[in-house]
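Good morning, and thank you for coming. I shall go through a number of local features in the structure now shown on the screen.

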Amino acid sequence: MHSAQTVDSSTNDKILIKGGSVKGVWWGLQTLEQLLFQARTSPKKISFPALRIEDWPRFAYRGAHLDCCRHFFTVEEIKSFIDLICMHKINNFHWHLTDDQGWRIEIRRYPELIGSQRQESVVGHHYHSQEYDGIPHGGFYTQEQVRDVVAYAAARQVTIIPEIEMPGHAMAALASYPWLGCLGEGYEVPSLWGVKEDVYCAGKDSTFVFLEDVLTEVTDLFPYGLVHIGGDECPKARWKECPRCQRRMRDEGLGSEEELQSYFVRRIERFLASRNRRMVGWDEIRQGGLSETAIVLSRKREQGLRSALENGNDVIMTPYLNCYFDYYQGSRETEPLAFGGFLPLRTAYDLDPFEGLNAEQSRRILGVQCNLWTEFVATLDHAEYMLLPRLAAFAERAWTGGEGNYPDFLRRLESFSRLYDAQGYEYRDFRPEADSLRASLGS
């Protein structure tokens, strides 16, 4: 249910905030805080205006993702990230906790996971660099720290969706417990970004015992309805060569390694359902077939979205062309090193999750999400710079929907950015674009 908010200061003696839920009142408080800030910082001496604002978000799910595996962020930095997305009325934090380059959450049944430290990191872009920094990189969140972050987010009406990657992006786990892989030995936490061939062995029941143990502790820590299992970029080379995986395929009547991935994903989904959780995964969880109850986090509109909708799945939209904030905001010569691609502020604002969909398909879009991957983002300041002000553009589209009005957004952003300044946030300067647009419009 969407959380309507009403902020009413039309009387002389009070400000009234009403909402359809606690969340609605909370977002009304964020609106009021922004109004009070504008009143306090206006160059003119003004009183708080008499007004009435009544609105509600277009999407109940408005998400922001942060990758803490490629580079680790402290608890205080995670709380700062939550404050930042909360200021933009983002109500879901997708916390990326495990990947090839690091395992960031304490699992007491498997204590060696938190020792998954890479020995160094590549310097420059991994597509062409041969240089490494020689600096070990690790870090993890204790279960007490996770509970602290969960409580902090809950107090701000932000839900956390943990991501525990499987069946691919598992090198950190394999380095800690080699028996989880098909080869059973020779694993190390990689110092280079990119997709790795070594994945969880789908032929061993011990793999599923491990993952169920992990997910038991994860669901104890995160008291929410959704758990993200990744499911993306899982090479099948090891499965093709593994006698256990091939035996599993014969025993289960599976015709391909893609169907083996479907078996893997469905088995995990059944376990999560037994824990009263609903599974979320990237587009690739569709490989080999997918149950209708899974939620697809779709970044590939052409390849993934339509087949998920045709299968009857609910979808959260995160098209990489609009929502991947690790892409460049401007010229590569003047911007910090980024993953690649080009995603300027206008492109973030042009997000249209319903593009090309009919009414029935549109009803299955639960919401939208933006993502920040951190191969090249090692500090909170850099993370803020990559997010802002694109996060504001995304947040407006997530809240209002419709066609939008980009010139008006830029005008309002100039005022809103004073809030960034007051909080000391790093952000990319958008004012030259705003000035250019005003000049072209003759205003």
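Let me begin with a definition: a residue is called buried under 20% relative accessible area, exposed over 50%, and partly exposed in between, with a 1.4 Å probe and protein chains only. What we have here is a predicted model, in which local features need pLDDT of at least 70 and side-chain atom pairs count only at pLDDT 80 or more, while totals for chains, interfaces and linings use all residues. Residues are numbered from 1 along each chain as its sequence is written, and side-chain values use heavy atoms, with hydrogens and water left out.

I turn to the backbone. Helices (H or I, at least four residues) and strands (E, at least two) are DSSP runs, numbered from the N terminus. Gln157 has a phi near 60°, a positive value in a residue other than glycine. Gln157 sits in the loop between helix 3, residues 143-155, and strand 10. Its relative accessible area is 16%, so Gln157 counts as buried. Asn276 is likewise not a glycine and has a positive phi of about 60°. The loop that holds Asn276 runs between helix 8, residues 257-274, and strand 12, residues 278-282. Is Asn276 buried or exposed? Asn276 is exposed, because its relative accessibility is 65%.

There are also cis peptide bonds to point out. One joins Met166 and Pro167, with omega about -10°. Pro167 belongs to the loop between strand 10, residues 159-166, and helix 4, residues 171-176. Another cis bond leads from Leu388 to Pro389, with omega near 5°. Pro389 is placed in the loop between helix 13, residues 380-387, and helix 14, residues 390-400.

Next, the strands. As a general point, strands of a sheet pair through backbone hydrogen bonds, either parallel or antiparallel. Two strands are taken to pair if DSSP finds at least two bridges between them. Which way do the residues of strand 14 point? In this strand, residues 314-317, Asp314 and Ile316 point one way and Val315 and Met317 the other way, and all are buried. Strand 13, residues 295-298, pairs with strand 14 in the parallel sense over 4 bridges. Within that pairing, Leu297 stands opposite Ile316. From strand 13 the chain passes through helix 9, residues 301-310, to strand 14, and this β-α-β crossover is right-handed. Right-handed here means that, with the strands pointing away from the viewer, the path from the first strand over the helix to the second runs clockwise. Strand 14 is also joined by 3 bridges to strand 15, residues 365-372, and these strands run parallel. The bridge partner of Met317 in strand 15 is Val368.

Elsewhere, 3 strands form an open sheet in the order 2-1-3, with antiparallel pairing. Its edge strands are strand 2, residues 16-19, and strand 3, residues 52-55, each of which pairs on one side only. Strand 1, residues 5-8, is joined to strand 2 by 4 bridges, and the two run antiparallel. Thr6 stands opposite Lys18 in strand 2.

Now to a helix pair. Two packed helices are described by the angle between their axes and the distance between the axes. Axes are lines fitted to C-alpha atoms, for helices over the stretch in contact, and angles run from 0 to 180 degrees between N-to-C directions. Helix 7, residues 243-252, packs against helix 8 at about 80°, with the axes 10 Å apart. The two helices are therefore roughly perpendicular to each other, a term for angles of 65 to 115 degrees, whereas those under 35 count as roughly parallel, over 145 as roughly antiparallel and the rest as oblique. Contact means heavy atoms within 4.5 Å. Helix 7 makes this contact through Cys245, Gln246, Arg248, Met249 and Glu252, and helix 8 through Glu257, Leu260, Tyr263 and Arg267.

How many disulfides does the structure hold? There are 0 disulfides, a disulfide being a pair of cysteine sulfur atoms within 2.5 Å. Cys323 is in no disulfide, and the nearest cysteine sulfur, that of Cys370, is 6.7 Å away. Cys323 is buried, with a relative accessible area of 0%, and Cys370 is buried at 1%. Finally, Ser417 lies in helix 15, residues 406-423. Ser417 is buried, because its relative accessible area is 0%. Leaving aside residues up to four places away in sequence, Ser417 touches Tyr427, Phe430 and Arg431.
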